[in-house]
Each structure stands twice: as structure tokens, then as C-alpha cells.
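The following report describes selected features of a single model. Please consult the sequence and structure shown here alongside the text.

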Amino acid sequence: MEEKNSLLNTKVRSDHRLKKDKQFSYIFRKGKRKSTENFTLYYIESKFNNYKIGFSISKKQGKATVRNKLKRRLKEIVRKEKLPLNFYNYVLYAREGASKLDFKNLSMQIKKLFEKFYKEENKI
RNA sequence: UCAGUUAUGCAGACAAUCGCAUCGCAAGAUGAGGAAAGUCCGAGCAUCCAGAGAACAUGGUGCAGGCUAACGGCCUGUGGGGGCGACCCUAAGGAAAGUGCAACAGAAAUAAACCGCCAAAACUUUGGUAAGGAUGGAAAGGUGGUGUAAGAGACCACCGGAAAACUAGAGAUAGUUUUUGCUCUGUAAACCCCACCUGAUGCAAGGCUGAAGGGCAAAUGUGCGUUCUCUCACGCCCUUUUAGACCGCUUGAUUUUGCAGGCAACUGCAAAACUAGAUAGAUGAUUGUCAAAUACAGAACUCGGCUUACAGCAUAACUGACUUG
RNA sequence: AGAGAUGUAGCUCAGCCGGUUAGAGCACCACCCUGAUAAGGUGGGGGUCGGUGGUUCGAGUCCACUCAUCUCUA
């Protein structure tokens, strides 16, 4: 078992994803919030020199194809623009209407959202 | 040319850059659908310690023959209905085994007399009658004649029904002939009868792994809806909690091509191929070319169907009408 | 992913085994009562029974398909 685990660690996938249900609910309960028209960003400080981000899209947004597409686009934006700072964990919650936006508008909104977050954190 | 019927196919492709999942030492290779959907059926697989038979219960299916691992599916036919036609639709056993139900209307609803018609007495009664009226979804086979006081399958012709025989067919059925004047409405997607099938739970099944606690134990007990019969088995079982790693997890009633059989569904043989396996759950972004790339939509144990959603097209065969030759 | 339940008036529910007019309470509107309001009384409006098709003479009820909402199973 230990050998296998060490092998997995050597691969080092650049995995910045939140995965466990507990982490999600923790951030929803205790984290701070920033929001724009169609998105809300929940965030909380962490101890590690790393960041993790999760995406939350409710079933009301649409069927499986719609939700998957939105999630993929959000991932792409976050990856390309390198928005999140280390020492934080995030959950990005998509509200109604988010799935109707095209890629350009999405990236605009996400950038704005993170700018709000930077301002807030610099003040402290 | 217009209108239509049936069947089949595609479900973006190619190139460049960045990025994701699996496999691989690496280079690299591969990477959602025709419905992946609804979960409506049928199986595999797993557990309920095992298996066989009979009866009952529960639920289902319902024209015939075939195909299939199996089916409530498919194919070829039969009966019925629709369309000028190509063709399409069809839960289509039994109402003469029994029970229930049929509101309102109407004189009467499974049984006869309200109006009418006719006769007699007589000025309102008695008897005959099921042609006509009116009600209804349904009113005593239909049309025409003979007949009669008026009428009536009372009798006759044709149509329809029922029964029997013969012929054709594997069968559902069809055809022909004969007999019978033929009372006996509808509903079984009401109970039911008949024939056939049918254990339950679903991969969150289940296995494996860490910790704690509890219970029972050799029989007169327990063992897949109930009862019975026979064979057989029996020492471990249960609960809570942590973790969610690993196995199950993808080579299979598989796919493609060719040949052969069959009207067809489908089957047999040969060769080649391996084609997602995630676990917050992998396919996106930008640019170029094509007339355009846009519809419905995302695998979650796996297959065979059914049903529903669907942009833009392409191809083939056939039908009807019109025009020209 | 799997298993199940429910859709009837603005809201909360009845409506049994098909039968003709789909009811009840709250809410709404008008009138009565009061100097006025509430309470009370009388009367009234509002439903294609989630949708589509079928069975039947007739469907909220039976059957098939479909849509929406909710619950349970790590």
C-alpha cells in the first residue's frame, strides 16, 4: 500500500480541486462571500502554500450537458488567467442565468469577481 | 413539376497552440450517444447458507406460425378499421360458466303498449298489433314483396347471422355446399373464466480491510410468499462506528468484413480487431478551410428491446395528379 | 446511479367500486348588522381535476405514454 501511494505522489498532477463534501460544506458555512450578477465566490484562508477551488452548479441550471459545459468553461478560465492566490480555498457557485452566457462574458465576470476579492484582502 | 408513402445514412471533418482522464519507464496511444435519457419490459451477475416436485396465492401476457439467451420485443401472415393509391393503424381469447354496472331521457333497458293502427261494444272501455312516431350509446336482424281487420320471419327473394360437412392451409382463417326463420343488448383497460409465464432485492448488490460491543450453539431448531413431500447443509451470527482505499469494472448472447441458408426476423462458418472505465466524476478555449456546423443531448456494473426528444441535410424505391412527347 | 410518493379553486385538503351539478375550510367580492371597524349572518364569483392519447354510451376516477415537484438509499 505505501509503495503504491508513493508512486502516485511522484506523478504530481497539478490538482487544485476541492473534492470532499465536508470541505464544501465547511466553506459554505464559514467562508466569506463576494458576488456578481451570476456568480458567488466563497473563500477561506488555509495553511498550505497552495490553493484549492471547487465549482457548484445546481440542478436547476439545466440538464447534465449544460452543467458539464459550464463547469468546463469555468475550469478553463481559472486555469488560463491564474486568478486564485495561494493560502486560500475557494468555492465558485453559479447562480441562475450563468449557463446562458458565452465564454467572453463569463471570463469578464470571473475576473471582476476576483478583483473584488483582491481589494478586500489587501485592506486587511 | 407539384403533392405524398416507405426505407436507409450522417449526427461535423481536417490542421495548429494550450489544457484534462486512463494506460505506458518513456515516446506516445486511446477517450461519450443515436438516443448515453425515461427506468417501461427481458436477461447476465451478486446476496438472501443448497436443490427438486406438487397445490394455492401474487403479478403479468392474450389472433396464428416462426425468430431469439429471454421478453410485454422482432419477422411473416390472418381478421378488423382508414386512405383514390403507394401504404398505414390495430391490448384482436371467452358475454351461451357465474356475478356486478348501464345515470338522465323514454311507455318500456332485457324487458312490452305512451301516441298511433285495427276490430268490437260504445263515447270511453275491452281485445289484437311491433308497420309508423318519440327517447337513447343500445328498442327484438335489414331491404323489397306476399299476406292480413290491422299487423307480424307468419311466408318468399336478396343481404346478414348461426350450425354442420367437405376442400385448401402448419395454423389463425378462407372458400363451397347443405340445414336452420334466426328471442337471448353493451361492458372483461369491472370482478371473473380459460391457456401460458412468474421467489425477492439491486453494483449505494456484494466481497475485502481497521476498531468496539452484544448474542447463540447440536435439535422437537433454522434454511428464497404460504402449505406439503423428498434430498441436503449447519458454526458462527448480529449491531454500531471509522475509512471510502482496493476488488466488482470491462473480452462480450462483442464489433467489422466475406461466404452460405432463410420471403423475413435471424442463424451458421471463416478471417481480422480490442474500441471510455471516471469517483466533485475526464472532450474545453482560440484561429483557419468547407454554404452552414446549429438540434436533442453527457457513459457510471453490462447486454437485448420498447418509449420519448431531435437542427440541417443526403440517397433509393414506389404512389396520385397535371403537362409535354 | 437506483428505489418510491404526490399533482383537484389564490392556499390547505375531500371526492370510495366510472354516472352527469366536482365539494369543504381559509382567502376574495357584494349586501345586512354598527356612529365606524372586527366578529357574526346572507348571497356570489373563481376549476378545461399537471399534459397527450386510448377503453367506455359516459373518465377527476380505468389503461398507456409524458411533464413537474418531493422523499429515501453512501
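Ile110 has a relative accessibility of 1% and therefore counts as buried, a class that covers values under 20%, whereas exposed means over 50% and partly exposed lies in between (1.4 Å probe, protein chains only). The model is predicted: local features need pLDDT of at least 70, side-chain atom pairs count only at pLDDT 80 or more, and totals for chains, interfaces and linings use all residues. Residues are numbered from 1 along each chain as its sequence is written, chains are lettered from A and ligands numbered from 1 in the order in which they are written, and side-chain values use heavy atoms, with hydrogens and water left out.

**Surroundings of Ile110**

Ile110 belongs to helix H4 (residues 103–123). Helices (H or I, at least four residues) and strands (E, at least two) are DSSP runs, numbered from the N terminus. When neighbours within four places in sequence are set aside, Ile110 is in contact with Phe39, Leu74, Ile77, Leu83 and Leu92; contact means heavy atoms within 4.5 Å. Ser35 is 75 residues from Ile110 along the chain, and the C-alpha atoms of the two are separated by 9.7 Å.

**Strand S3 and its partner**

In strand S3 (residues 51–57), 6 of the 7 residues are buried, so the strand is largely enclosed by the rest of the structure. S3 and strand S4 (residues 88–94) run parallel and are joined by 7 bridges; two strands pair if DSSP finds at least two bridges between them. Within this pairing, Lys52 stands opposite Asn89 in S4. Together with helix H3 (residues 64–81), S3 and S4 make a left-handed β-α-β unit. The reference for handedness is as follows: a crossover is right-handed if, with the strands pointing away from the viewer, the path from the first strand over the helix to the second runs clockwise.

**Salt bridges**

A salt bridge is a side-chain nitrogen of Lys or Arg within 4 Å of a carboxyl oxygen of Asp or Glu. By this rule, the count is 2 salt bridges.

| Salt bridge | N to O distance |
|---|---|
| Lys34 and Glu120 | 3.2 Å |
| Glu76 and Arg79 | 3.1 Å |

Glu120 is partly exposed, at 31% relative accessibility. Glu76 and Arg79 are 3 residues apart in helix H3, and are therefore separated by about one helical turn. Glu76 is partly exposed, with a relative accessible area of 27%, while Arg79 is exposed, at 52%.
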